[in-house]
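Please look over the sequence and the model below before reading on.

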Amino acid sequence: MLFRSGHFGDLSVSLAWFNTNDIDLAVQEPTGSFVWFRNMRTPSGGQLEFDITSPTSYSNPIEHINWQSSPTYGTYRVFANCYSNHEHLSEIPIKILVNMGGVKKLINTTIEGRSNYPGKGKLICQFNYPN
């Protein structure tokens, strides 16, 4: 299973990758707040449920952000960043899964192998909730 079990409320965003690098997921809410490893919960209900900091311990590392109920209406922006490039890759393939009330969109893309920390990384997509 690509994305292992987490909470899938009204809105969730997941990131999967297939190497031992440390990749971070960040989502900017319509309020401007970010859900990410430095801000794991937001007042509007966003929560980083999985933050994988040691990918070598997992066969399929993921990060997962969830809003159980009543996410703020508006535009959400999804970012991915290479925090640590243990495999020295110039490009790292990733998958992003956006789940809005059971309607899923899968995005296959790559990010640069160099760390953009302390930034949020590459903008992968943006979407409106509800769409």
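Which residue in β6 stands opposite Val-27? Val-27 has Val-78 in β6 as its opposite residue. The structure is a predicted model, in which local features need pLDDT of at least 70, side-chain atom pairs count only at pLDDT 80 or more, and totals for chains, interfaces and linings use all residues. Residues are numbered from 1 along each chain as its sequence is written, and side-chain values use heavy atoms, with hydrogens and water left out.

**Overall composition**

- The protein has nine strands and zero helices; strands (E, at least two residues) and helices (H or I, at least four residues) are DSSP runs, numbered from the N terminus.
- From the N terminus on, the order of elements is β-β-β-β-β-β-β-β-β.
- Of the 131 residues in the protein, 44% are buried; buried means under 20% relative accessible area, exposed over 50%, and partly exposed in between, with a 1.4 Å probe and protein chains only.
- The accessible surface comes to about 6500 Å², and 50% of it belongs to carbon and sulfur atoms; the areas come from the Shrake-Rupley method with a 1.4 Å probe, and for residues only the protein chains shown count as cover.
- Among contacts between residues at least 6 apart in sequence, 68% join residues at least 24 apart, where contact means heavy atoms within 4.5 Å.

**The four-strand sheet**

- An open sheet of four strands has the order β3-β2-β6-β9, with antiparallel pairing; two strands pair if DSSP finds at least two bridges between them.
- The edges are taken by β3 (34–35) and β9 (122–129), each of which has a single partner strand, so one side of each is left without a neighbour in the sheet.
- Strand β2 (residues 22–28) and strand β6 (residues 74–84) run antiparallel and are joined by seven bridges; Asp-22 stands opposite Ser-84 in β6.
- On its other pairing, β2 is joined to β3 by two bridges, again antiparallel, and Gln-28 stands opposite Phe-34 in β3.
- β2 and β3 form a hairpin with five residues between them, and Gly-32 in the turn has a positive phi of about 100°.
- Seven of the seven residues of β2 are buried, so β2 is largely enclosed by the rest of the structure.
- From β2, Ile-23, Leu-25 and Val-27 point one way, while Asp-22, Asp-24, Ala-26 and Gln-28 point the other way.

**The five-strand sheet**

- The order of this open sheet is β4-β5-β1-β7-β8, and the pairing is antiparallel.
- At the edges stand β4 (46–50) and β8, each with a single partner strand, so one side of each lacks a neighbour in the sheet.
- The twist averages 20° from one strand to the next, with axes taken as lines fitted to C-alpha atoms (for helices over the stretch in contact) and angles running from 0 to 180 degrees between N-to-C directions.
- Seven bridges join β1 to β7, and Trp-17 stands opposite Ile-94 in β7.
- Six bridges join β1 to β5, where Trp-67 is the bridge partner of Leu-11.
- β1 is mostly covered, with seven of its seven residues buried; Leu-11, Val-13, Leu-15 and Trp-17 point one way, and Ser-12, Ser-14 and Ala-16 the other.

**The nonpolar core**

- The largest nonpolar core has 27 residues, and those with the most contacts inside it are Val-13, Val-78, Ile-94, Ile-96 and Phe-127; such a core is a set of buried Ala, Val, Leu, Ile, Met, Phe, Trp, Tyr and Cys residues joined through side-chain atoms within 4.5 Å.
- Two or more core residues come from each of β1 (11–17), β2, β5 (62–67), β6, β7 (91–100), β8 (103–112) and β9.
- The largest share of this core, five residues, comes from β7.
- Leaving aside neighbours within four places in sequence, Val-78 has contacts that include Val-13, Leu-25, Ile-96 and Phe-127.
- In soluble globular proteins, nonpolar side chains tend to be buried together.

**Individual residues**

- His-64 lies in strand β5 and counts as buried because its relative accessibility is 1%.
- The side chain of His-64 makes a polar contact with the side chain of Ser-14 (2.6 Å); a polar contact is a pair of N or O atoms within 3.5 Å, and within protein one must be able to donate a hydrogen and the other to accept it, while residues adjacent in sequence count only if both atoms are side-chain atoms.
- Ser-69 is placed in the loop between β5 and β6 and, at 48% relative accessibility, counts as partly exposed.
- Ser-69 and Ser-44 are 25 residues apart in sequence and 9.5 Å apart in space, C-alpha to C-alpha.
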